[in-house]
Amino acid sequence: MFPVLDYCARKKLEGQKGIKAIFLYPMNALATDQAHRLARAVAQDAALAGVRVGMYVGGATGEPAITMGPEQVITSRDEMRKNPPDILMTNYKMLDYLLLRADDRKLWQHNREKGVLRYLVVDELHTFDGAQATDLACLI
């Protein structure tokens, strides 16, 4: 997590916009747990000020967060489309939609430049097998 956060912070200082890392999870519960961890890490380290993490998963409940906080990442889809996060947390099925749906094209608006997206982190890789693993492999 920390090398990715460091990379995002350095690119932010250079003025680079766009999604620099994608964290893929097999389940929304894992993404939610890690979202809290990432939010705390960003809030506690002044060197990470300005790094934005967004979680885009299906079935989101509650009021969507439009800003980062010490216990929350951005969950507002409209906010992420307007101002894409540095780190996008999602699951493989939702990423498939995000790459295809016209409504979500704005999420990738700054990723046309080569080298913006540098990291693809797959959490719990061992849980991807069979059809799920094939879906993930084709998506990547």
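These legends describe close-up views of one predicted model. Local features need pLDDT of at least 70, side-chain atom pairs count only at pLDDT 80 or more, and totals for chains, interfaces and linings use all residues. Residues are numbered from 1 along each chain as its sequence is written, and side-chain values use heavy atoms, with hydrogens and water left out.

**View 1. The largest nonpolar core has 21 residues.** A nonpolar core is a set of buried Ala, Val, Leu, Ile, Met, Phe, Trp, Tyr and Cys residues joined through side-chain atoms within 4.5 Å; buried means under 20% relative accessible area (1.4 Å probe, protein chains only). L5, F23, V51, M55, I87 and M89 have the most contacts inside this core. Two or more residues come from each of α1 (2-13), β1 (21-25), α2 (28-44), β2 (53-55) and β3 (87-91). Helices (H or I, at least four residues) and strands (E, at least two) are DSSP runs, numbered from the N terminus. With six residues, α2 gives the most.

**View 2. Surroundings of L5.** Leaving aside residues up to four places away in sequence, L5 touches L38, A41, V42, L48, V51 and I87 (contact means heavy atoms within 4.5 Å).

**View 3. A second, separate core has 16 residues.** Y56, I74, L107 and L139 are among them.

**View 4. Strand β3 and its partners.** Five of the five residues of β3 are buried: I87, M89 and N91 on one side, L88 and T90 on the other. Two strands pair if DSSP finds at least two bridges between them. T90 is the bridge partner of L24, and M89 that of M55.

Conventions: Buried < 20%, exposed > 50% of the residue type's maximum accessible area, 1.4 Å probe, protein only.
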